[in-house]
Amino acid sequence: MTERTTIPGIAVPGIAHAFLAWRGEGVWDWRSADGTQETVDVPELVRRLKRGVPVAVADEAVLDRLVDETRGTWMEKIAILARVRGAMPGGSLVVPVRRAVASKRPALEQADLDAQRASLGIGTIQGMLEEARKGAFSPAQAVQAGDIAALEERMGRESDPYWWMSAMEKAAAAWAAMRIADPGIRARATSDGTVTEATVVRSTPSRIVARCVRPPRARVGKAMVQVAGTGWPTLGGRTFRLAASSVSRAGFEIVLTGKDIQMAPGMKLTVMEDPFLPREGAPRSKWSRQSRSAGPSREVPGWL
Amino acid sequence: MNDAAALADRLPAPARDALKAIWAGTETVILDSPPGAGKTEAISLIAPLLAGAGRFPVTVASPTVAGAYLIAERIQRQNTGVPVMLTGGSFTPRRAAGVPCVSGNPAPGEIYVSTIASRGAGRGRTGIMIVDEAYQATALAVRNAARGADQLLLVGDPGQIGPVIPFDQTGFDMLEDNPAGRAPDVFASRKGTVRTHLESTWRLGAATVEAIAPLYSFPFASARSESGYEGNEILVAETGATSVIDPRLMRTAADRACGLARRTVVRDGREKAATVAVIATRNEQTSILASMLAARAEGAGIVVGTADLLQGAEYDCVVAIDPLAGAATATGHAVALGRLCVMLSRHRTHLTFVTASQVARLLDRETEWGTVGMEVRERLAKASNRKDPS
């Protein structure tokens, strides 16, 4: 299949998707991944898109036309999402490819596109996950890569721009953490506190208290724990909740909880804080447009 | 609390209007301010009035930790008897200047001071949230921070540099309810929002007010009584710089800063050495300037920094390097009007604006930044050619 580009983040190469081409006013070609092609009108197109079928388009101009023809419907947000995701830190790994491809040739065969991606290093989220599977990343980076991929995948299902913005901020932090979460520098305190050293001071079957040399960045979030010299993550890849932290001049303590975990006091840990997983996204707020409420009514005192 | 009426009398009329609106139950109130108009002072009076006389639980949120320390200290200094506390993981008693550091939520009659990020991360409840420097926060950040608040008072200077977002947010631009937008700009469109603005600046003189007027959507005047400085309020020094680190540009700025550092200003009847800052927009410029000044005796006390870094600061004299001076192209960073506004409004007595002859060529008259940027520069030049009475 000839494919010049994808809507960033909506269509991930390697995942079955449809290719959309504009035929004329209100008429679109829908080419499925299995090669079948049919003509659809805009209402049908929107119905299919609402079902969450990943689609690809040729370029920004087609994307703009898609937005124009479906304006006022669900697609407007999807188009924004496409652009938002295209702008994600780390290039979302799709945009650099798209730009590079667009700047060099108007149309490319799949093989050419693959070659372009290869020349740019990691080309897509899918490619990044492949790299992670091949062991190109440190285990910590692999964890981050998985988290970012999960985040991007979820972005396609959310419709609240506040959620997207929140997710992008978290992804920016995740990308930063990924760049620094490298075994070579793991022992050092890192700039945003994502990785630090700790020593177990107390341990019970489901609770570990470890003392670290610098405060964790966030009081809530997940923490990945590594026992020195045994790889990352250890203990079956289990994640532990960062249950509490306290700061003192001597250092700080973190409490990790998890099922059936036990470590001997004195054991060295490397703790990677993971405060940026947007499990909740942007929290519901009375300040969102959808939930407008009136303020209280009070009498202003005379002296005012 | 101590005499509430006397405390309220110290508020300028627009700030009192904002207080009245919040007191009456308006959900969102925006208090805009020109530079040096006493935003922090207004908050340090409004917060204790709401908490003390109104018995509301009040939270003041600042974009930065330093800002939160400052506002907590200012409220404490008002000696109103209303308890004020810092809350959040970033605060330590050592730096808190006697303000207690606690956790939790304010009770009626208490003021908690925190950062916007800290309030956004927690699930705190409060009655009224006052956001300081609200134009430096995104709508997303304020929405998250205020989700446990019943009412919101946003205070800020619309001329300042907006929030720094580490990714391209243009995808959101077409939304009216834009999570990446500056909080007051987005909240202003909520139904029932009351918006008012402070009308005078205590920091800037008349010439500067006139020069930066195109950068504001509301009028304001200078209320500065005396400058304490002999000479023009504004001086424009034009160079033939052809790069942003052109030695002519750098040397002109450094020479002028050293000259100003030798001068004195009279304040409260006392003569004292002028505080001087050199403000640029690029880190390579500040690096060069810092090294040039380090080699000179007069350079010892001169502050060098970027507009982003020195936003919110105040000096007797400022040397500002035109963001477009020597530039080959007009980048978004260099043409941002907020950045220009910050550079032109940090001085109490004198501003030297170091520019270059090629700047006019870069200002695109088809754009807002081009027309407004040109008008501001023309006004600066006009003020420079005029002999100020001071």
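What percentage of the 390 residues in chain B is buried? In this predicted model, buried residues account for 58% of them. That counts a residue as buried when its relative accessible area is under 20%.

Let's stay with chain B and look at the overall build. Its fold comprises 15 helices and 17 strands. The chain's radius of gyration is 21 Å, close to the 21 Å that the globule rule gives for 390 residues, so chain B is as compact as a globular protein of that length. As for contacts in chain B between residues at least 6 apart in sequence, 74% join residues at least 24 apart.

Now pick out helix α15 of chain B, residues 368–385. From first C-alpha to last, its 18 residues reach 26 Å, close to the 26 Å expected at 1.5 Å a residue. Among the buried residues of α15(B) are Val372(B), Met374(B), Val376(B) and Leu380(B), along with Arg377(B). The helix's buried residues pack against α8, β11, α13, β17 and α14 of chain B.

Next, the second largest pocket, which holds about 1,000 Å³ of space. It is lined by 43 residues, and the closest to its centre are Lys39(B), Thr40(B), Glu133(B), Arg203(B) and Gly312(B). In chain B, α3, α4, β12 and α11 are the elements that give two or more residues to this lining, and α3(B) supplies the largest share, five residues. Sorted by class, the lining has 16 charged, 15 nonpolar and 12 polar residues.

Conventions:
Residues are numbered from 1 along each chain as its sequence is written. Chains are lettered from A and ligands numbered from 1 in the order in which they are written. This is a predicted model: local features need pLDDT of at least 70, side-chain atom pairs count only at pLDDT 80 or more; totals for chains, interfaces and linings use all residues. Side-chain values use heavy atoms; hydrogens and water are left out. On a 1 Å grid over the protein atoms alone, a cavity is a set of points where a 1.4 Å probe fits but cannot get out, and a pocket is an open set with protein on both sides within 12 Å along at least five of seven lines; lining residues have an atom within 4 Å of a point. Grid points are joined across faces, edges and corners, and a volume is the space filled by probe spheres set on the points. Helices (H or I, at least four residues) and strands (E, at least two) are DSSP runs, numbered from the N terminus. Ala, Val, Leu, Ile, Met, Phe, Trp, Tyr, Cys and Pro count as nonpolar, Asp, Glu, Lys and Arg as charged, and the others, Gly among them, as polar. The expected span of a helix is 1.5 Å times one less than its number of residues. Buried means under 20% relative accessible area, exposed over 50%, partly exposed in between (1.4 Å probe, protein chains only). Contact means heavy atoms within 4.5 Å. The radius of gyration is taken over C-alpha atoms; the globule rule is 2.2 Å times the number of residues to the power 0.38.
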